[in-house]
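Take a walk through this chain, one region at a time. Keep the sequence and the model side by side.

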Amino acid sequence: KNSAKAMEKELVTCSLQEKEKTAIDRSQIFQIPQRKDLETKVIVVLGKAGMGKSILVQKICQDWSNGEFSQFEFVFWFDCKQISLPEKRYSLKELLLEFFVKPQEGCKEIFEYILQNPAKVLLVFDGFKGLHDHENFPRCSASQPEKDLCTIKELLSGLIQKKILNGCTLLFTARPKDKLYQYMSKVDKTIEIVGFSPQQRELYITKYFEESSHCDSALKLIKECEYLFSHCYIPVMCRFVCFLCESVLEMGDKSLPSTLTEVFLKFFQQKIMLMQTDVTTTQNQESLATLARTAWCLGEKHQSAMKSDLLPSKEIKEFALKYGFFLPFALPRHLESEEEEFGTTFSDFVIQNFLCALHLFLAEELKDKNLTKYLSFLSKKKKPYNWLDLMPRFLAGLMFLQDNPYFCSLSNEDAKQSTKKQKTLLKYIRRLQINTLCPERLLQLLHCVYETQNNYLLQHVALRLEPDLSFLGIVLTPPDVHVLHSILKRSRKEFSLDLRNSGIDVQGLRALVSLRNVTSFRASLSDTVRLWKCLEETKDYELLKASTEKFVLDPFKAKTMKDISDLSDLVEMQEKMMNCVQETSGCTTYEIPAIRNLRKLEFALGPACGLQGLLKLVKILAAFPSLQHLDLDALSENGIGDEGAKSLSEVFPTLTSLETLNLSQNKITDLGAENLATALPSLSSLKTLSLYNNNICDFGAENLAKVLPAMRSLRVLDVQYNKITGVGAQQLTDSLRKCPHIKNLVMWNPTIPYGVLEHLHQLDSRISV
């Protein structure tokens, strides 16, 4: 369990460092360079619920049937919630040729061909969440795929571990939060569906209403409700909003609900009201309450489907199917003689989330105080309901809707009870130590409070936010940005935001940066430069200048070539900014404060890109006039070598503020040391120089010894773990006598006899043994 957690944490860290926003075409999904054709390929498509993962894989199947993806002769598609629902055991042969498709003849021959040609087989597992629990995934012992019966977990494990059908291609779709644990190391390609851009949202809405008389007014109405428009980045939510907008316009209304809770209250009310005929309101309310209880029972188990005969009653099944809350499906059978069984699944994740919240709100067995434990901003010891991530928001919103006519039509909840629940939530949030919440829980709190639309709560949270808010590595969706923006705007405090690796879009970054009380921000360089280019194109010079004044870069750590490219783009942007400033103010010079104030730059590209990255970096180093600390030491070793040392030494005269230079573990030899020594005196402010663990010998030590007296600012020199012998050590010691300004010389080397080093230390105590 712990090793799985450690691996997941490591993988998350790596993915955030390497993550690049690169759009790919469907035809590129199965392209995996530098991969052996004979081995199983594992591809994972990640995306939040409702992003369109199922639509994508269905489109892939359709494209294959039309002649695309010709590398596959067989494509098998499985809905994971259906095949994993009953506790049954399958053989691989049954899974492929009984449950998915039943050939009329030649079943045995077809299966033999599949086993002999696995590279021609694509297996798609849609909605893969079999690994969400913390237990280790079971090992598969199926030695005879046509006979051995396994659980679906064991079969998936055998496929991923390449014990079954080695050489096939596996395509999984999953939510980003689903835990793949140790098997993530076997994934060859990860693709994430990030949702609609603002332009794509507009296109979807326009297409939805293109045959309607409300086409123009619908888009305008939805865009005016910025919170709902932000949720439209998820295709399924966009469909819900469009459905509701259509209903509103047909009824002659001119406004949409302001919260997600009200949207779904109205959605349920519209669904039931439009089709209601002979069923009384009371019966509908009872049916809805029973359906909500069913949603919760499944949700607690991270399930959205169940066998139809396990539903509370036939009436509930008919109610859910009639109004489109449920979808039916046939369960797989082992033998022809078995009676066919059917299952039902919630038609949408949002519907199940809303019904779960409705159950918690209406359940008589739950006392008011217990309701707060289902909100995801609890203490660290409590496990949030991540799988039902929208449920806490709906629950908070329902507590403040006792006077809503739509709520009254769906529930017989007593107004006094609702008021009591409101007070419970108010009291709970007043006592909450908001400054101790981690970023994810803080965002959930902001969403829950926003759903209440209670001015007191909104103001209370706004006033208790910490001035330094870090969302480093936390994905910020458009709705996240909207609620954060609306609450920050209410506060009188000044804020500093860290938005690095948050995936924030340009519109969201623009909105947050434009707030007057956001006085400084950090964001990924590529996101920041993208924003500035957008502001330059729209000629919004005022916000462009304001945002550059707020941007913070120090300290900066370059881990990839992209980081170096982004840094180059930033320097290039400064030149463009100069032209903008000249146009608006007539000034001849302008420096972006982040560039002017960068004091520490760490370089950790590793051996593969170390030299290439440094050669690109040295071209722009002169642009950072305040650079004091340049660190080229990395655990993975950059290995810039002598070529890198020479290139770096050529720009030393421009680094007038540099105080610390760390060139440890870079495979620098005597040649590189000679080039460095020639230029080192030009570093007029240098105090600490580290050449630890390189390949410098006596000749290199001699060259360093010659220039030490000229390096008047130097205080510490570290040359330990090189190949310096007693000869080189003596030369450095002789030079040290002429350098009263140096405080410490660290030169332990395995090639210097200990007695010699001890003797030199006795001659000069500044030499470390």
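Leu469 is buried, because its relative accessible area is 5%; buried means under 20%, exposed over 50%, and partly exposed in between, with a 1.4 Å probe and protein chains only. This leucine lies in strand E9. Helices (H or I, at least four residues) and strands (E, at least two) are DSSP runs, numbered from the N terminus. Leu469 and Leu497 are 28 residues apart in sequence, yet their C-alpha atoms are 5.0 Å apart in space.

A word on the basis of all this. The model is predicted: local features need pLDDT of at least 70, side-chain atom pairs count only at pLDDT 80 or more, and totals for chains, interfaces and linings use all residues. Residues are numbered from 1 along each chain as its sequence is written, and side-chain values use heavy atoms, leaving out hydrogens and water.

Three strands form an open sheet in the order E9-E10-E11, with parallel pairing. Strand E9 (468-470) and strand E11 (518-522) stand at the edges; each has a single partner strand, so one side of each lacks a neighbour in the sheet. Neighbouring strands here are turned by 15° against each other on average, direction ignored; axes are lines fitted to C-alpha atoms, for helices over the stretch in contact, and angles run from 0 to 180 degrees between N-to-C directions. Two strands pair if DSSP finds at least two bridges between them. Strand E10 (residues 495-498) is joined to E11 by four bridges. Asp498 has Arg522 as its bridge partner in E11.

Go back towards the start of the chain. Which residues of strand E1 point one way, and which the other? Lys41, Ile43 and Val45 take one side, Val42, Val44 and Leu46 the other, and all are buried. In a regular strand the side chains alternate between the two faces of the sheet. Strand E1 (residues 41-46) is mostly covered, with six of its six residues buried. Two parallel partners join E1. Six bridges link E1 to strand E4 (residues 169-174), where Lys41 stands opposite Thr169. Four bridges link E1 to strand E5 (residues 189-192). There, Leu46 has Glu192 as its bridge partner.

Some loops hold backbone details. Phe69 sits between helix H2 (53-65) and strand E2 (74-79). Its phi is near 50°, a positive value in a residue other than glycine. Phe69 counts as buried because its relative accessibility is 9%. Gln665 also has a positive phi, near 55°. Its loop runs between strand E15 (660-662) and helix H29 (670-679). At 17% relative accessibility, Gln665 counts as buried. Pro555 lies in the loop between helix H24 (541-550) and strand E12 (556-558). The peptide bond from Asp554 to Pro555 is cis, with omega near -5°.

What of the cysteines? A search of the whole structure finds zero disulfides, a disulfide being a pair of cysteine sulfur atoms within 2.5 Å. Cys438 is partly exposed, with a relative accessible area of 24%. Cys448 is buried, with a relative accessible area of 2%.

End the walk after strand E19 (767-768), in the segment that holds Val769. Val769 is partly exposed, because its relative accessible area is 41%.
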